[in-house]
Amino acid sequence: MGLKFVNTGASLPEKILTNADLERIVDTTDEWITTRTGIKERRIASAQEATSDFSIRAARKALEGTPVNPEDIQLIIVATTTPDHFFPSVACLVQKALGAKNAAAFDVSAACSGFIYALTCARGLIESGDIKYALVIGADVLTKFADWKDRATCVLFGDGAGALLIEKTDGPGDLLSAFIGADGSQSDILSIPGGGSRHPYNPETWSQHPAFIHMEGKEVFKHAVTRMIEASLTALRQCGKTSDDLKLLIPHQANLRIIDAIAKRLQLPDDKVFKNVHKYGNMSAATTIIALDEAQRGGRLQRGDLVELIAFGAGMTWGACVLRW
Ligand code: ACO
């Protein structure tokens with residue numbers, strides 16, 4: 001048995017923050033952001049919006065036009081590091097909003113690699129259990145954890161959610177391979193130091209351990225390129241394919257220079273590499289699934305095409321999966 005991909009959905013905030021807007025907030029320029037990252041604008045959640053709001057909308061879009069009803073879903077996994085609350089999980093909030101009362105629901109934390117981790121978990125549970133339909137969601141609102149005084153990080157992130165509706169099928173299915181990895185020894189180079197059980201909120205020590213993104217950009221950059229190339233080649237090898245077989249590579253959208261370095265190493269021409277970082281910035285766990293949704297709705301992917309998703313994030317974590325759309 002295997003996994004069949006029924007449909008995707010995505011949800012983005014309405015508010016657009018351009019590089020020109022950022023020039024008025026921190027000491028930066030459109031020229032710096034564009035040349036270093038490729039980002040021109042990003043979507044920002046409003047004060048009233050949280051991760052579950054985007055997750056629920058993305059899930060509804062994935063269900064739209066399919067014969068699958070919320071009660072048919074038996075599993076909901078949300079990949080996120082920016083949940084509405086420590087508990088309940090975002091997945092439980094999605095279950096409630098959809099009325100998916102027969103679904104088990106939980107969150108997965110693997111930062112920007114979260115969607116590939118969640119898909120890998122779903123595969124294991126579907127192949128070993130009685131689950132017929134599952135929803136796998138990648139969702140983050142990292143801009144709520146950006147320090148809007150730190151120009152080195154606040155320009156990089158955007159918010160959103162994407163959802164993938166999966167059906168169990170007889171035969172090998174459409175997920176050809178999935179590979180995930182981690183290196184906790186590098187956990188310090190990308191983190192949100194405060195707000196957890198190590199440094200709970202305390203107004204007196206807040207300035208030492210703020211709940212803001214901390215990133216050693218150059219270090220992260222190096223690891224991201226190396227690990228995503230390794231992951232890509234491993235997942236391709238696992239299913240007996242090469243990058244020549246791919247219709248599309250969907251890399252994590254953190255930085256255009258990282259994407260270009262990977263494409264060059266994998267010898268992929270520009271038209272085989274999906275890019276939307278200029279519009280959305282880095283949406284963490286939401287990035288690859290929103291890109292898959294855009295690619296299939298926008299005609300970049302037809303049914304039967306081979307596509308590879310690759311991602312890298314805090315932890316450090318990384319992952320790649322090869323699928324037939
Ligand atoms: N505007 C203007 N100048 C800036 C800005 C800005 N927004 N940000 C930094 N600078 C300055 C720095 O202060 C520094 O100035 P100095 O030389 O006078 O000290 C200079 O620009 C160079 O800064 P670097 O940090 O060395 O710039 P770099 O070329 O490394 O680019 C960047 C920074 C874009 C963050 C890059 O390192 C990067 O993309 N890293 C990877 C990010 C990533 O992949 N994240 C994925 C995981 S995210 C997750 O899991 C949540």
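A polar contact here is a pair of N or O atoms within 3.5 Å; within protein, one of the two must be able to donate a hydrogen and the other to accept it, and residues adjacent in sequence count only if both atoms are side-chain atoms. The model is a predicted one, so local features need pLDDT of at least 70 and side-chain atom pairs count only at pLDDT 80 or more, while totals for chains, interfaces and linings use all residues. Residues are numbered from 1 along each chain as its sequence is written, and side-chain values use heavy atoms, with hydrogens and water left out.

A backbone N or O atom of glycine 217 sits 3.0 Å from a ligand nitrogen. On its own the ligand exposes 1000 Å², and the protein buries 76% of that (accessible areas come from the Shrake-Rupley method with a 1.4 Å probe; for residues, only the protein chains shown count as cover).

The shell picks up two or more residues from each of helix 2 (30-37), helix 6 (151-154), helix 7 (217-238), helix 8 (256-265) and strand 12 (306-313). These elements are DSSP runs numbered from the N terminus, helices being H or I with at least four residues and strands E with at least two. Helix 7 gives the most, with 4 residues. There are 26 residues around the ligand, of which Thr28, Arg36, Cys112, Lys218 and Asn255 come nearest (near means that a heavy atom of the residue lies within 4 Å). By type, the shell splits into 15 nonpolar, 6 polar and 5 charged residues; Ala, Val, Leu, Ile, Met, Phe, Trp, Tyr, Cys and Pro count as nonpolar, Asp, Glu, Lys and Arg as charged, and the others, Gly among them, as polar.

Now for the domains. The chain is assigned domain 1 (2-171) and domain 2 (176-324), with bounds from an automatic or database domain assignment. Their centres, taken over C-alpha atoms, are 14 Å apart, and the contact takes 49 residues from domain 1 and 49 residues from domain 2 (contact means heavy atoms within 4.5 Å). Because both domains give residues to the shell, the ligand lies between them.

A polar atom of the threonine 82 side chain lies 2.9 Å from the backbone nitrogen of valine 141. Beyond four places in sequence, threonine 82 contacts Thr51, Ala139, Asp140, Val141, Leu142 and Phe145.

Helix 10 (residues 287-297) has 9 of its 11 residues buried, so it is largely enclosed by the rest of the structure. Among the buried ones are Ile289, Ile290 and Leu292, as well as Asp293 and Gln296. After helix 10 comes glycine 299, with a positive phi near 85°.

Lysine 15, in strand 2 (residues 15-18), is partly exposed at 48%. Lysine 15 touches Arg42, Arg43 and Ile44, residues up to four places away in sequence not being counted. Glutamate 64, in the loop between helix 3 (51-63) and strand 4, is exposed at 56%.

Technical notes: Buried means under 20% relative accessible area, exposed over 50%, partly exposed in between (1.4 Å probe, protein chains only).
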